[in-house]
Amino acid sequence: MTRRLLRDTRGVSAVEFAIIAMPMLIAFLGVIDLGMRQYMSSLLQDSMDQAARQVTVGGVTPAAITTFVNDRMRMVLPGSNTVVTPQSYSNFSKVGKPEPITTDTAPIGSYNTGDCFTDLNRNGRWDANGGAGGHGTGDDVVYYTAVARYPAIMPMRALLGWSDTTEVSATMMMRNQPYAAQAQPVTVCT
């Protein structure tokens with residue numbers, strides 16, 4: 001009886017299919033989820049590019065940019081939500097950099113009480129990021145960061161214990177048209 005069972009190959013395909021079906025289904029759903037994430041990331045970057053071009057000629061508020069990008073994202077996924085944050089700098093080399101210390105007291109190399117610094121964002125205090133919130137003035141460089149969150153479209157995320165929302169981000173840098181004079185920073189000592 002044992003020899004006869006070992007030689008019987010009927011139904012082997014069904015058993016093989018049962019073994020590989022679940023991993024293949026999870027991989028297939030993962031590829032779809034990854035493709036959707038890439039598409040949403042591209043859509044967000046394209047929306048940011050178009051919005052930033054509108055800002056460079058002036059007259060567009062940060063709220064209008066967020067609304068524009070949100071509307072474009074929601075055309076594809078109605079449950080998405082996007083937040084756009086602009087930061088302005090005097091030139092490209094200052095983006096993301098701390099405000100320069102002009103008079104440094106011990107400990108040297110880090111900002112502390114008694115140091116003087118160039119107040120790039122004109123807020124009266126030293127900042128590790130010298131950008132000012134908003135679109136800035138004429139000739140300023142504006143660095144936009146957009147973060148879009150949307151509900152996951154595939155159930156596999158819950159199967160793996162991941163969050164049921166997906167987050168993509170995009171950045172964009174543009175220089176404003178020289179329609180106004182750039183504000184000059186001042187040196188502040190504390």
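What percentage of the 190 residues of the chain count as buried? I get 31%, where buried means under 20% relative accessible area, exposed means over 50%, and partly exposed is in between (1.4 Å probe, protein chains only).

**Ground rules**

I'm working with a predicted model, where local features need pLDDT of at least 70 and side-chain atom pairs count only at pLDDT 80 or more, while totals for chains, interfaces and linings use all residues. I count residues from 1 along each chain as its sequence is written, and side-chain values use heavy atoms, with hydrogens and water left out.

**Overall form**

I looked up the radius of gyration, taken over C-alpha atoms. The chain has 27 Å, while a compact globule of 190 residues would have a value near 16 Å (that rule is 2.2 Å times the number of residues to the power 0.38). I also noted that the C-alpha trace spans about 95 × 45 × 20 Å along its principal axes.

**Elements**

I found four helices and seven strands in the chain. Both are DSSP runs numbered from the N terminus: helices are H or I with at least four residues, strands are E with at least two. Reading from the N terminus, I wrote down α-α-α-β-β-β-β-β-α-β-β.

**The sheet**

Next I traced an open sheet of four strands, in the order β4-β1-β5-β6, with antiparallel pairing. Two strands pair if DSSP finds at least two bridges between them. At the edges I have β4 (132-133) and β6 (165-175), each pairing on one side only. Helix α3 (residues 62-76) packs on this sheet and touches β1 and β5; contact means heavy atoms within 4.5 Å. The direction of α3 makes about 145° with that of β1 (axes are lines fitted to C-alpha atoms, for helices over the stretch in contact, and angles run from 0 to 180 degrees between N-to-C directions).

Then I went through the bridges. Nine of them link β1 (residues 81-89) and β5 (residues 141-151) in the antiparallel sense. Thr85 has Thr145 of β5 as its bridge partner, and Val84 has Ala146. On to β5 and β6: they run antiparallel and are joined by eleven bridges. Tyr143 has its bridge partner, Met173, in β6.

I zoomed in on Met73: beyond its neighbours within four places in sequence, Met73 is in contact with Met40, Leu43, Leu44, Ser80, Thr82 and Ala148.

**The disulfide**

My search of the whole structure turned up one disulfide, that is, a pair of cysteine sulfur atoms within 2.5 Å. Cys116 is joined to Cys189, S to S 1.8 Å. Cys116 sits in β3 (residues 116-119) and Cys189 in β7 (residues 186-189), so the pair ties together parts that are 73 residues apart in sequence. The torsion about the S-S bond is about 110°, so I noted the disulfide as right-handed. Is Cys116 buried or exposed? Cys116 has a relative accessible area of 9%, so I put it down as buried.
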